[in-house]
Amino acid sequence: MKNTPTLSLRVPEPSGRPGDTPDFSHLKLDAPGAVDRPEVSTEPAEMRDLAFRLIRVLDDEGKAVGPWDPKLDPETMRRGLKAMILTRAFDDRMHRAHRQGKTSFYMKCTGEEAIAVAQGMILSREDMGFPTYRQQGLLIARDYPLATMMNQIYSNAEDPIKGRQLPIMYSAKDYGFFTISGNLGTQYVQAVGWGMASAIRGDDKIAITWIGDGSTAESDFHSALTFAAVYRAPVILNIVNNQWAISSFQGIAGGLETTFASKGIGYGLPALRVDGNDFLAVWAATQWAEERARTNQGATIIELFTYRGAPHSTSDDPSRYRPGDEHEKWPLGDPIARLKQHLIGLGEWSDEQQEEAEKEAVEKVRAAAKESEAIGTLGQSRPSVKTMFEEVYATEDWRLVEQRREVGV
């Protein structure tokens, strides 16, 4: 007779499903200002606890506290706040455009604006970012033309990608924005390779990349960490833990067993876990990792702990898999509201200025939409057919010439 039990599998389940009351009681959140800030030169083995803590700067009253306070000047914070407001206004307009049949697809970054905006402001345009489809704030913070973004979203005749990508997968080399990969894990490999190439050339440019919590379960993630650690690649490796992939919660990728930041420990990499809804905390952690990369101390893993407030995309209905009001109950709040509260507390902002900034953002987006829609929305205009044959081969061979002749371009 066997005395061992019958084997079974544990299938992770989220804390709430549709109709349930949101419950975040299982989260362990450090108090703002409670986490120590190590010197940039600290050995990874001496700071392993930071992979399990949560770096926070803004407290419940909007005050900046603790050793991670980057002590930003008010003008920098105002620029960050306005960029986040503009990003959200852009998202809202483009989401409505999809519902109106003007585009085939869109993805919002509601609740995650602080991540791309803060990091986009810190790094230079000459550094290269390898983003996901929720880093539109990276372009917006760097004043990339909104109408140009819309031209790609509408797939019209002025689409800068000439119809070769999905509507929200931008590419802008001059703005430090590498082409988005739909398979997000590949961004890690490409970013590490780009950073290694910069070091081999003796350049001073670093790479930064983002993936979601789900992509950490892909093999590309682990290959990239191996190369980043072994060669001390000058790269910042962000994991945006927004709690949900397209419809599966972060536990499916291992988020119930440990933190995503801690995955870097096994590779000998320093790892930080940061409140992704705290603009100042994101700024401070990124600045720490940037200094490490620029001084040949190698890569840093940053887990940005946040929440995907909107649907995964316009093809997704989150009401089918999570409580409808879960986003409103997220314990780390809204990044725009929190930075607004901080600036008001400093006497550097007001409710009236906030209202004016929101109106100004809506007007900017409206003006850009008018400019782009005059060129055409989905199906009204499109890139020339001849662009299929351009910018692919350095020299056309006879087959390509024949194909172009057959098409008549």
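Mentor: Gly 376 is found in the loop between α9 (351-375) and α10 (398-407). Helices here are DSSP runs of H or I with at least four residues, strands are runs of E with at least two, and both are numbered from the N terminus. This is a predicted model, in which local features need pLDDT of at least 70, side-chain atom pairs count only at pLDDT 80 or more, and totals for chains, interfaces and linings use all residues. Residues are numbered from 1 along each chain as its sequence is written, and side-chain values use heavy atoms, with hydrogens and water left out.

With a relative accessible area of 2%, Gly 376 is buried. The cut-offs are under 20% for buried, over 50% for exposed and in between for partly exposed, with a 1.4 Å probe and protein chains only. Leaving aside neighbours within four places in sequence, Gly 376 is in contact (heavy atoms within 4.5 Å) with Tyr 154, Asn 156 and Ser 381.

Eight of the nine residues of α4 are buried, which leaves the helix mostly covered. Just after α4, Ser 155 takes a positive phi of about 55°.

Asp 143 has a positive phi of about 65° although it is not a glycine. Its relative accessibility is 62%, so Asp 143 counts as exposed. Asn 296 can be set beside it: its phi is near 60°, again positive in a residue other than glycine. Asn 296 lies in the loop between α7 (279-294) and β5 (300-305), and at 64% relative accessibility this residue counts as exposed.

For a helix that is covered throughout, look at α2 (residues 113-122). Ten of its ten residues are buried, so α2 is largely enclosed by the rest of the structure. Among them are Glu 113, Gln 119 and Met 121.

Now the wider setting. UniProt, in an unreviewed entry, places "domain: Dehydrogenase E1 component" at residues 82-375; UniProt positions are in the numbering used here, feature names are shortened, and annotations may be inferred rather than shown by experiment. That span is 42% helix and 9% strand, and its end C-alpha atoms lie 28 Å apart.

The protein as a whole has ten helices and five strands. Buried residues make up 54% of its 409 residues. Of the contacts with a separation of 6 or more, 76% join residues 24 or more positions apart. The radius of gyration, taken over C-alpha atoms, is 22 Å, which agrees with the value near 22 Å for a compact globule of 409 residues; the globule rule is 2.2 Å times the number of residues to the power 0.38.
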